[in-house]
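Biologist: I am new to this structure. Please show me how to read its features.

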Amino acid sequence: MAAAAAGLSWRRVSSFTGPVPRSRHGHRAVAIRELVIIFGGGNEGIADELHVYNTATNQWFLPAVRGDIPPGCAAHGFVCDGTRILVFGGMVEYGRYSNDLYELQASRWLWKKVKPQAPSTGSPPCPRLGHSFSLYGNKCYLFGGLANESEDSNNNVPRYLNDFYELELQHGSGVVGWSIPVTKGILPSPRESHTAIIYCRKDSGSPKMYIFGGMCGCRLNDLWELDIETMTWSRPETKGTVPLPRSLHTANVIGNKMYVFGGWVPQSAGGEISAHDGEWKCTSSFSYLNLDTTEWIGLISDCQEDKSNSLPGPRAGHCAVAVGTRLYIWSGRDGYRKAWNNQVCCKDLWYLDTEKPPAPSQVQLIRATTNSFQVKWDEVPTVEGYLLQLHADSPVPSAAGVPGTGIPETSVLSSQGSGSSLHQSPQALPSVPYPEMKVDHPSQTNSVIPNNVQVSLSSNSFLKVEGKDKVAAPENKITQETMKNHADATGFKESNAPSLLPVCTSSPQTSANVGEYHDLDKRTVNPDASVSSTVSSAQTMVTQQAVKTESSSTNGAVVKDETSLTTFNSKSEASETAYVTPSTRGSTGQANDSHSSKTPQRQMAPVKTRDRQWYDVGIFKNNSAVVSQFYLLPEETLNFSNKTGSANVPDYRLLKKQDLFPGTVYRFRVAAINGCGVGPFSKISEFKTCIPGFPGAPSTVKITKSVDCIHLSWEPPASPSGNILEYSAYLAIRSTQLQENPSQLVFMRIYCGLKTSCIVTAAQLSNAHVDYTSRPAIVFRISAKNERGYGPATQVRWLQGKVCVRHS
């Protein structure tokens, strides 16, 4: 089956940065979030360096490891448990094998030699290479390998093994000891250079280990299954064409599939496979086993030759690792025949997207103006771009009725007011239809970082960082310097996941509520949406700052007096999605990220639900965009969103564009794109462009915690649109109304005046509502008033609760 027919789209990674490791075979790799960590292997000597490749930034680096650094080894066991890695056995020099066990704490790049207890019955594992070492829960499972019967390393007497051990791990660090489980059924035959994976079906809680292929004097293609709960070995019946016998191949689980790539296979002559003592060759064949149905599916056959270099070349002893649903393959021996002098090692790195990407988070608002939005969404790992779409509550004319505004040569991301220019611009993908889009490397982390965003905290108030083993240290500014630290190879935290980077955040400095506030003296408040920034009340160390943002959609409010309640009604998402038909198409093009030179003056009339149409804003390389225009489709393709197939993809360069209107509600959705196509769309977000004349949202909100109160301060809006007459600050409080309708936040005004700061007392805080919609937080809102009335509010979520702290 041809790769194209199978829907495969291998990409060769190019333009690395950093120290690229020398090519090799017999190495091993694991993934920690977006990092691929490679250790060992041999090629003109056994390698002892630890190399790391950041799939998000396309960078190699050599971390500064310390502690009990192990010697170089090849054909060893290598597993990852959270942020610690275990290395067992392998060949340390020709004819000399190891049974040592090392642990690497990747959060500190600290090696430690660990000594597990011997089994209560029997001996610990003997020195070996080519074994399998698999992790499930708090246990590693060791099977088989090759031992040297001779005490003289120069006199190699091979002995193939089929012994089976269980290694119990301690939580976080260290091990308990080896044990030899009592198993039922027939044990697999002795072998080395096989593969083993562990998979647990969703509909049955019993994990199973699958062993495939290997070498025992001849190569094998048998499949064995071990039920880990009952410790029973069996030979599952399979459907489909079983791959050829092989060794030194790789097997990786993604979803419910075990992907098998490469290895040594028999050299066929005239369609006949040679005898086991005949010739062998490396292969680039690629298959998967559906682990739910035990059916083999061939994707690239052993006889398929690729002259276009669009597929990885034949290889054995390579490494393969899954990062999300993307499979990476690096290096390996590319010898065609078994003679050593005909073998060299590959130097290439490839990846394959095996599934369409998941839906991104809802689009979040950073800033709204009268004719533009600055938006972001959470990053989706291992994608090549994002398709952003919108539709409006007002009718949009067809392309025939709107003059084109032209497409800029480059996309420019800018912020209006107070000189808050941004360091980087989101790069739109080339203006060609999506199926022809060429991307030679994984998507870069092109974070957009305002150069004046501040998160000011006192010594006892810290920002919360989410996720396992993520910690942070006090830091007041989020600047481009943090991006430089990301590539620092001195420690795991300085080269961590993109989620730890200060991606274009909805900081109060750059956040603005859309819609408008009417004069509070008239006792009404009507914000359409608020953007939240998040700070934490918990105390922890912080090494690299990341501000997580959340947005909420609010619909109405009533204020009775200075101390009364303000109720915001959240719109139901179900009502938003009921009439929306998701687009299943793929498209690309350069989005216009520059603000329109003129704002349309006419207000468009309401539109019926059935007439709503999704329009492309464009495809963006990173996870943020400034939206001031969108593409109009020709009249004959207005039903385009309900079509599929590349034949229906418009050329953006030929399409007209429509400017956004002031005071208009727009709905947004976003989908991620990878080599498999466009994934599902996110949930829908709704934002409203501002009405001219009202002040912007207050910026740079600071929360300083004292013993019996907190100090809340802010800076004036970047765009006051006149003189600021007063500010109002609100606190979300507990209420029976809130209990009856959890979607309604109830706010009490805690301050009204000209000062840009206020004290929130312990008594006021004791009445605060803790919002659990995402992470426990106390919610504040601050807005400014000018002669026209109150403008959009800045919402701040002050995180409550404990934060993970790194233990050295």
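Modeller: Start with Glu 44. It counts as exposed because its relative accessibility is 80%; exposed means over 50% relative accessible area, buried under 20%, and partly exposed in between (1.4 Å probe, protein chains only). A word on the source: this is a predicted model, where local features need pLDDT of at least 70, side-chain atom pairs count only at pLDDT 80 or more, and totals for chains, interfaces and linings use all residues. Residues are numbered from 1 along each chain as its sequence is written, and side-chain values use heavy atoms, with hydrogens and water left out.

Biologist: What is the phi of Glu 44?

Modeller: Most residues other than glycine have a negative phi. Glu 44 is not a glycine, yet its phi is positive, about 60°. It sits in the loop between strand S3 (35-39) and strand S4 (50-54). Strands are DSSP runs (E, at least two residues), numbered from the N terminus.

Biologist: And Asn 58: buried or exposed?

Modeller: Asn 58 counts as buried, because its relative accessibility is 2%. Its phi is also positive, near 60°. Asn 58 lies in the loop between S4 and strand S5 (59-61).

Biologist: Which residues have the most contacts inside the largest nonpolar core?

Modeller: A nonpolar core is a set of buried Ala, Val, Leu, Ile, Met, Phe, Trp, Tyr and Cys residues joined through side-chain atoms within 4.5 Å. Here the largest has 30 residues, and Leu 712, Trp 714, Val 760 and Phe 780 have the most contacts inside it. Strand S48 (744-753) is one of the strands that each supply at least two residues. S48 gives the largest share, six residues.

Notes
Helices (H or I, at least four residues) and strands (E, at least two) are DSSP runs, numbered from the N terminus.
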